[in-house]
Amino acid sequence: MAEIARQHWSAERYAETAHFVPALGTPVLELLSPAPGERILDLGCGDGVLTEKLVAAGAMVVAVDAGPDMIATARARGLDARVMDGQKLTFEGEFDAVFSNAALHWMRDQRAVLAGVHRALKPGGRFVAEMGGHNNTAAIIVALSAALARRGLDAHRLTPWYFPSADAYRKKLEEAGFNVEDIAIVPRPTTLPAGIEAWLDTFAEDFLGSIAEPDRSRARTEVADLLRPVLMDETGTWIADYVRLRFRAIRAE
Ligand code: BEZ
């Protein structure tokens with residue numbers, strides 16, 4: 001019987017293979033435009049690299065993440081970082097803004113997330129975020145689906161990811177009590193500095209973790225072989241088919 005491994009976060013592995021995630025956060029930081037003295041909640045802060053930029057802008061930041069190892073690393077940077085599930089936020093009307101980069105798509109219960117963000121904001125407060133959008137990493141998902149299907153597994157039942165279209169997420173935001181000022185899908189081909197197999201090890205544990213070794217390693221190689229003609233350029237660089245959903249919404253009342 002296959003051993004089921006759920007996604008877990010190692011700050012060390014993340015820093016080695018996924019440092020591009022915070023590094024590419026500039027557009028959403030600009031959309032947030034943090035001001036000195038503002039109280040900001042960083043939702044899904046990871047290892048705190050972007051949180052530090054909010055602090056450097058003069059904001060008073062509380063950072064939360066569900067991964068204890070990520071939070072330990074964020075605290076080691078001197079940040080006010082707390083282990084908290086984004087689907088169970090406990091804050092009440094205390095933030096001028098809620099910020100999130102590359103985290104919301106890991107949260108399946110979006111109704112709970114949006115209710116918690118709404119509660120956490122002061123009336124008129126802003127929710128500014130970037131997440132995976134519709135068609136994000138589509139080639140990778142198809143290749144994972146093929147490798148899993150050969151083993152009798154359904155990738156769509158295992159996926160931890162939620163990549164909405166702009167229209168679908170606008171509706172969710174409005175239903176949760178936000179006025180949406182700006183929401184857009186932004187294709188962003190993304191270089192994977194450590195290659196696709198390291199990316200799969202870091203991000204696709206929910207899929208490949210359901211296959212026992214040594215077949216798990218074979219499945220990862222199959223996924224890479226399927227993707228090579230599509231995602232590797234002529235210089236040997238892996239470029240993933242990332243698509244972002246970026247938005248700015250205001251708590252209505
Ligand atoms: C993303 O940031 O878009 C992403 C990260 C991990 C897996 C899939 C997507």
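Okay, one term before we start: we say two strands pair if DSSP finds at least two bridges between them. Also keep in mind that what you have on screen is a predicted model.

So, let's begin with one pair. Strand β1, residues 39-43, and strand β2, residues 60-65, run parallel and are joined by 5 bridges. If you click on L41, you'll find V62 of β2 standing opposite.

Now, what lies across these strands? Helix α4, residues 49-56, lies across β1, β2 and also β4, which is 95-101. Compare directions and you get about 165° between α4 and β2. Then there's helix α5, residues 68-76, which packs on the sheet and touches β2 and β3. The direction of α5 makes about 165° with that of β3.

Okay, zoom out to the whole sheet. How many strands does this open sheet have, and in what order? There are 7, and reading across you go β3-β2-β1-β4-β5-β9-β6, with mixed pairing.

Next stop, the ligand. Around the ligand you'll find H105, W106, N136, W161, F163, W199, F203, Y242 and R244. How does this shell divide by type? We get 6 nonpolar residues, 2 polar and 1 charged.

Let's go through some polar distances. R244 has a side-chain N or O atom 2.6 Å from an oxygen atom of the ligand. For N136, a polar side-chain atom lies 2.8 Å from a ligand oxygen. With H105, the distance from a side-chain N or O atom to an oxygen of the ligand is 3.4 Å. And how much of the ligand gets buried? On its own the ligand exposes 260 Å², and the protein buries 98% of that.

E213 and P214 are joined by a cis peptide bond, with omega about 10°. You'll find P214 in the loop between α11 (205-208) and α12 (215-231). The other one is S33, which isn't a glycine but still has a positive phi of about 50°. Look for S33 in the loop between α3 (26-32) and β1.

Notes:
Residues are numbered from 1 along each chain as its sequence is written. This is a predicted model: local features need pLDDT of at least 70, side-chain atom pairs count only at pLDDT 80 or more; totals for chains, interfaces and linings use all residues. Side-chain values use heavy atoms; hydrogens and water are left out. A residue is near a molecule or strand if one of its heavy atoms lies within 4 Å of it. A polar contact is a pair of N or O atoms within 3.5 Å; within protein, one must be able to donate a hydrogen and the other to accept it, and residues adjacent in sequence count only if both atoms are side-chain atoms. Accessible areas come from the Shrake-Rupley method with a 1.4 Å probe; for residues, only the protein chains shown count as cover. Ala, Val, Leu, Ile, Met, Phe, Trp, Tyr, Cys and Pro count as nonpolar, Asp, Glu, Lys and Arg as charged, and the others, Gly among them, as polar. Helices (H or I, at least four residues) and strands (E, at least two) are DSSP runs, numbered from the N terminus. Contact means heavy atoms within 4.5 Å. Axes are lines fitted to C-alpha atoms, for helices over the stretch in contact, and angles run from 0 to 180 degrees between N-to-C directions.
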